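Subject: Structure for you to look at

Hello,

Here is the structure I promised. Please open it alongside the notes below.

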Amino acid sequence: MKYDAIVIGGGLAGCTAAGILADAGRKVAVFSEGLSLHDASEGPASHKEQARPPYAALSALAAKGVTVFRGDSIIRAEMSEDGSQVTRVFSRNLGDEPLEAAAYVLATGKFFSRGIISNMEGMYEPVFDADVEFETDHSKWFDPDFFATQPYEKFGVKTDSEGHVLKGGISVANLFAAGQVLAGEPMSDSDIEKSGRTAATEVLKKL
Amino acid sequence: MQEKNISTANLEQCLKCNLCTLVCPMLAVNEQYPGPKKAGPDGERYRIKDPEYYDYALKYCLNCKRCEVACPSGVKIGDMIQAARIKYGSQSKVRSLHGLRDWTLASTDFVGGMTASAIAPIANGILKTGMAKAVLHGTLGVDKHRTFPAYSSGKFETWFRKEAQAGQSAFEKKVNFYHGCYANYNYPQLGKDFVKVVNAAGYGVQLLEREKCCGIALMSNGFAAKAIRQGKINLESFRKAEGPVLTVSSSCTHMMREEYPEVLGLPNEDVKDRIMLLTRWLYPRLQSGEIKLNFRQDFHMKVAYHTACHMQRMGWQQFTIEILRMIPGLELTVLEPNCCGISGTFGFKKENYEYSQKIGETLFSEIREAKARAGDSEPFAVATECETCKWQIEMSTGIPVMNPVSIIAQALAE
């Protein structure tokens with residue numbers, strides 16, 4: 001299946017980027033592993049009284065013509081020989097069906113959504129094995145002051161000055177990252193939305 | 001996924017985020033149901049300690065798997081609930097009238113085999129009468145609002161052997177067809193449509209050496225041992241057959257691919273990748289140009305595609321949607337994926353009828369709106385791969401529902 005852009009992650013960053021790309025008339029697919037917390041509800045905890053139903057953001061994208069893959073995620077990617085381009089990706093549910101796009105947006109979030117995975121050896125990004133910025137000394141991941149900004153919150157995927165994701169030190173020309181998967185200061189919701197918009201703007205320059 | 005899980009169904013991965021609770025269609029209409037988190041991972045922790053903690057309200061689970069689609073952590077909540085119902089909730093139920101009803105509803109092969117014959121018109125006629133419905137409602141507890149899917153007066157298999165099998169030798173390449181109960185006993189036309197599409201694609205069709213009902217209705221009605229026996233027969237047939245085993249029903253397919261190993265404990269890794277819906281097999285071959293289908297130029301139809309729950313869980317709806325979009329003259333709307341509420345045999349039981357209809361209402365109203373927008377100038381149909389969704393949507397809206405395979409067959413140039 002072929003698209004102009006494939007957005008990996010249906011959270012706030014991914015939905016923001018996908019919405020802008022769809023509004024610009026591009027053919028977009030979004031892969032959303034599970035229901036994102038931001039798309040769960042805006043109302044009180046009781047789902048009977050919530051202000052909007054779950055999946056409202058993904059449904060709104062579908063109404064704009066975006067192809068939404070709920071409950072599916074991209075699990076592996078193929079790169080060009082020189083490592084400067086993503087050539088195609090594959091999802092868990094679609095199996096051997098290749099998914100191709102001119103540009104890809106990585107918006108998989110951080111630890112909760114497994115956009116970044118940590119283990120005793122370190123941290124990695126599971127889809128592209130993109131470069132992750134983190135502290136190698138495990139004891140420096142945490143601040144003993146519970147209420148302080150925790151160092152691990154700043155770990156994430158490395159990008160170049162134009163927002164391209166780095167892999168093996170090389171800028172991947174058609175891969176952008178948005179939202180909390182990025183390395184840097186912890187983000188507020190408006191920061192996440194802003195980074196989704198920035199990624200979409202960069203993608204539109206490519207298309 | 002973490003490498004160190006010791007449970008089945010990814011129990012340890014549950015973070016108690018409650019996203020599954022939010023999307024459960026049953027919980028939204030029935031407060032007696034504890035919801036997927038409590039019925040699944042929460043309850044499982046207790047049940048492991050002591051089976052006494054088993055809650056009979058788990059019978060309300062529709063097995064729609066919408067909880068699994070929503071879970072960000074890959075917990076197989078629905079499978080866990082099904083497995084708990086089998087392990088802790090099964091009773092020898094045929095002794096009561098409701099048990100007899102559950103057995104009759106679940107035994108699609110036995111009842112279908114008896115009824116899809118010369119007696120079909122008589123059986124269909126009787127089952128349609130108000131008297132029969134009142135009796136079934138009062139005694140067995142089959143809701144009086146329900147109409148049984150009509151039985152065919154001849155089985156698909158009989159037709160295939162008589163009319164189609166000889167012609168298949170003309171094709172060098174073959175696919176195996178797991179037709180399932182619905183195409184065999186209730187609606188042989190679907191099987192005929194399958195043969196038409198596969199032949200038009202340049203492939204021959206062969207039946208499996210043996211085929212049994214996939215067992216989904218047995219599993220959800222508490223007859224797991226029988227479901228396991230049938231599953232073993234099917235998997236054995238698949239192992240003997242070479243090449244793809246193609247299907248037309250999303251629920252049978254999901255059962256044989258996912259629930260055989262996860263719920264019934266039947267390993268299927270060696271054959272799983274060969275079991276798939278026709279559209280899943282067809283789409284990549286149409287894309288690569290290996291298969292070309294010639295469609296009529298005078299075909300006109302407006303279609304609203306409904307992603308059945310098990311189709312959504314497998315995530316294969318896009319294969320069907322893309323093929324339907326290739327048909328000239330077909331105008332496609334994709335409906336929001338919502339549960340129709342019937343859940344196989346669940347909605348046929350009188351104690352469940354109201355829940356079933358309440359759950360389906362969101363989908364029904366979207367279908368009615370799509371129909372109103374489409375107008376009357378061209379034929380309008382809902383397309384879905386699930387036969388029980390078909391019965392439910394037709395009973396509840398009066399709008400015809402077709403399997404996408406039948407739509408593709410109708411659109412083919414002669």
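A residue is buried if 20 or more other C-beta atoms lie within 10 Å of its own, exposed if 12 or fewer, and partly exposed in between, with C-beta atoms placed from the backbone. Two residues are in contact if their C-beta atoms, placed the same way from the backbone, lie within 7 Å. Helices (H or I, at least four residues) and strands (E, at least two) are DSSP runs, numbered from the N terminus.

This is a predicted model: local features need pLDDT of at least 70, side-chain atom pairs count only at pLDDT 80 or more, and totals for chains, interfaces and linings use all residues. Residues are numbered from 1 along each chain as its sequence is written, while chains are lettered from A and ligands numbered from 1 in the order in which they are written.

Back to α11(B). The buried residues in this helix are B:Pro188, B:Leu190, B:Gly191, B:Asp193, B:Phe194, B:Val195, B:Val197 and B:Val198. The helix covers residues 188–200, and its 13 residues should span 18 Å at 1.5 Å a residue; the end C-alpha atoms are 18 Å apart, which agrees. The expected span is 1.5 Å times one less than the number of residues. After α11(B) comes B:Gly202, with a positive phi near 90°.

Next, the sheet in chain B. Four strands form an open sheet with parallel pairing, in the order β6-β5-β7-β8. Its edge strands are β6 (330–334) and β8 (401–402), each pairing on one side only. Helix α17 (residues 317–326) of chain B packs on this sheet and touches β5, β6 and β7; its direction makes about 155° with that of β6(B). Axes here are lines fitted to C-alpha atoms, for helices over the stretch in contact, and angles run from 0 to 180 degrees between N-to-C directions. Inside the sheet, β5 (residues 301–305) and β7 (residues 380–383) run parallel, joined by four bridges. Two strands pair if DSSP finds at least two bridges between them. B:Val303 has B:Ala381 in β7(B) as its bridge partner.

Chain B overall: 20 helices and eight strands. The C-alpha trace spans about 60 × 55 × 45 Å along its principal axes. Of the 414 residues, 51% count as buried. Among contacts between residues at least 6 apart in sequence, 77% join residues at least 24 apart.

Now chain A. It has three helices and 12 strands. At 17 Å, its radius of gyration is close to the 17 Å that the globule rule gives for 207 residues, so chain A is as compact as a globular protein of that length. Its C-alpha trace spans about 50 × 45 × 30 Å along the principal axes. In chain A, 45% of the 207 residues count as buried.

Look at β12 (residues 170–177) of chain A. Three bridges join it to β6 (residues 100–106), running parallel. It also pairs with β11 (residues 164–167), in the antiparallel sense, over three bridges. A:Phe176 stands opposite A:Val105, and is also the bridge partner of A:His164. β11(A) and β12(A) form a hairpin with two residues between them, and A:Gly168 in the turn has a positive phi of about 60°.

Best wishes

Terms used. The radius of gyration is taken over C-alpha atoms; the globule rule is 2.2 Å times the number of residues to the power 0.38.
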